[in-house]
Amino acid sequence: MSPLLTPAGKWLGFVTAIWVQAISGNNYTFSNYSDALKSIMALTQLELNTLSVAKDAGKAFGLLSGIASDRLSTSVILLIGSFEGLIGYGVQWLVVSQRIHPLPYWQMCIFSVLGREQHNMDEHGSSSLFSSNPSAFLLILAIVPAVICLAAIIFLRETTPAAGTIEEKEEARFFNIFNVIAIVAAVYLLAFDITGNHGHVVSHQIKEPLLVGPEDSPAKPQNPEPATAVSPIVENAGIKQQPMIGEDHTIIEMMRTFDFWILFLSFLCGVGTGMCVMNNMGQMGLALGYVDVSIFVSLTSIWGFFGRIISGLVSEQLLWKFGTPRPLWNAASQVLMTLGFVIMALALPGSLYIGSILVGICYGVRLTITVAVASELFGLKYYGLLYNILILNLPLGSFLFSGLLAGYLYDAEAARSPAGGGNTCVGPHCYFLVFLIMALASVVGFGVRCATSN
């Protein structure tokens with residue numbers, strides 16, 4: 001038997017998967033180098049945000065990944081992803097480091113899409129070590145994920161699920177250990193961030209700011225919501241019944257359900273607005289007078305992790321013990337996110353810190369809970385493709401809230417701002433209306449979810 005197929009090999013593969021997930025994406029990284037791109041390419045905020053939309057549009061190609069995962073081996077998928085990230089971020093590094101002249105705007109959009117294909121990375125470690133040099137940070141994003149993915153080809157293999165109750169309990173115990181380790185690491189990173197400079201022993205010395213102004217296993221289907229009415233579908237002179245909620249759905253069957261569109265719209269209001277904050281954090285900080293915004297990027301990232309792990313663990317326990325439906329977590333996160341946007345709109349001292357934390361928590365909750373809810377509603381048989389269809393609202397939300405809303409309103413305020421002028425806006429008014437509109441969108445998401453809850 002191959003060593004990789006033994007119980008020890010299974011856990012080695014699990015650790016390898018954690019490494020791949022930890023370094024192969026960029027949900028939170030754009031603000032770390034967006035101002036450098038804006039300056040070098042002489043972009044307006046609308047153009048910069050459109051570039052961030054192109055980055056997020058790479059998520060739409062998750063459809064291809066979902067299809068490929070059913071037809072290709074894990075090794076081939078990792079190989080493709082590693083080269084996409086290497087090329088996408090590598091070209092952006094060449095531009096930011098001024099080793100080549102800025103490429104035409106449409107070409108930069110294409111390379112942003114390629115870079116986004118490597119996703120779900122928590123970039124905190126790299127952004128802390130290289131916050132004084134955006135080109136070095138992009139170089140790390142280009143090289144390190146590619147190397148890790150290539151190494152993972154050796155260790156990632158499919159294994160059989162737990163054979164019985166004893167083995168399930170053992171796996172649960174190990175998962176709990178990993179969760180504790182992850183929480184300890186996150187608390188350490190949070191403390192590291194908020195305690196200032198630490199010298200050469202524990203970090204690189206930061207001599208100048210990055211921005212200078214004037215980013216569990218699937219849950220078992222539990223059927224937390226009552227089954228919808230069965231609707232017959234005529235097929236080849238026979239009658240095929242629409243599967244009930246909780247049973248396996250095909251793509252067409254899922255999109256015929258009211259539950260899918262409710263989940264889609266609610267998810268759009270939650271993650272679309274959250275991505276707007278992450279994509280614009282650099283300019284939001286500069287507008288409020290912060291020279292270095294890396295702390296806000298880190299807060300959003302770390303508290304996003306806390307939102308994911310806490311909602312995943314607690315929702316699972318409440319579901320099993322009390323039958324508490326997971327969608328209630330989505331509704332609660334919308335309320336908290338609304339509060340975060342209102343606080344940031346007020347632009348009081350420290351409001352950006354509080355808002356970054358609240359938005360990070362809620363973004364993490366929405367991503368985690370939606371994964372479990374989708375599996376509970378529509379089954380696991382076609383889950384890879386179904387989920388990637390559901391999260392098409394990530395690029396859609398980025399386009400609506402970041403590309404259009406924030407970009408247009410920021411440029412309008414910049415044109416009227418005597419303090420900044422040109423493409424730069426300085427002052428609380430720069431994002432005031434953006435925050436209020438996103439708060440309203442969060443209220444809509446909450447209302448949609450509650451209107452369909454039983």
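Cys149 counts as buried at 4% relative accessibility, where buried means under 20% relative accessible area, exposed over 50% and partly exposed in between (1.4 Å probe, protein chains only). The model is predicted, so local features need pLDDT of at least 70 and side-chain atom pairs count only at pLDDT 80 or more, while totals for chains, interfaces and linings use all residues. Residues are numbered from 1 along each chain as its sequence is written, and side-chain values use heavy atoms, with hydrogens and water left out.

**The chain as a whole**

- The chain has 18 helices and two strands; helices (H or I, at least four residues) and strands (E, at least two) are DSSP runs, numbered from the N terminus.
- Of the 454 residues of the chain, 49% count as buried.
- About 20,700 Å² of the chain is accessible surface, and 69% of that belongs to carbon and sulfur atoms; accessible areas come from the Shrake-Rupley method with a 1.4 Å probe, and for residues only the protein chains shown count as cover.

**Cysteines**

- The structure holds one disulfide, a disulfide being a pair of cysteine sulfur atoms within 2.5 Å.
- This disulfide joins Cys425 to Cys430, with 2.0 Å from S to S.
- The disulfide is left-handed because the torsion about the S-S bond of Cys425 and Cys430 is about -90 degrees.
- Cys425 is buried, with a relative accessible area of 2%, and Cys430 is buried with a value of 2%.
- Cys109 is buried, with a relative accessible area of 15%.

**Helix 8**

- Helix 8 has 22 residues and reaches 32 Å from its first C-alpha to its last, close to the 32 Å expected at 1.5 Å a residue; the expected span of a helix is 1.5 Å times one less than its number of residues.
- The buried residues of helix 8 include Phe137, Leu138, Leu141 and Cys149.
- Ala151 lies in helix 8 (residues 134-155) and is partly exposed, with a relative accessible area of 35%.
- From C-alpha to C-alpha, Ala151 and Thr16 are 8.7 Å apart in space, and they are 135 residues apart in sequence.

- Helix 5 (residues 74-96) has 23 residues and reaches 33 Å from its first C-alpha to its last, close to the expected 33 Å.
- Among the buried residues of helix 5 are Leu78, Gly81, Tyr89 and Trp93.
- Gln98 is found in the loop between helix 5 and helix 6 (105-116).
- Most residues other than glycine have a negative phi.
- Gln98 has a positive phi of about 60 degrees although it is not a glycine.
- At 61% relative accessibility, Gln98 counts as exposed.

**The largest cavity**

- A cavity is a set of points, on a 1 Å grid over the protein atoms alone, where a 1.4 Å probe fits but cannot get out; lining residues have an atom within 4 Å of a point.
- The largest cavity has a volume of about 50 Å³; grid points are joined across faces, edges and corners, and a volume is the space filled by probe spheres set on the points.
- Its lining residues include Met284, Leu288, Ala347, Tyr431 and Phe435.
- Helix 12 (258-287) and helix 18 (429-451) are the elements that give two or more residues to this lining.
- Ala347 lies in the loop between helix 14 (327-346) and helix 15 (351-378).
- Ala347 has a positive phi of about 55 degrees although it is not a glycine, and Ala347 is partly exposed at 22% relative accessible area.

How values were computed
On a 1 Å grid over the protein atoms alone, a cavity is a set of points where a 1.4 Å probe fits but cannot get out, and a pocket is an open set with protein on both sides within 12 Å along at least five of seven lines; lining residues have an atom within 4 Å of a point.
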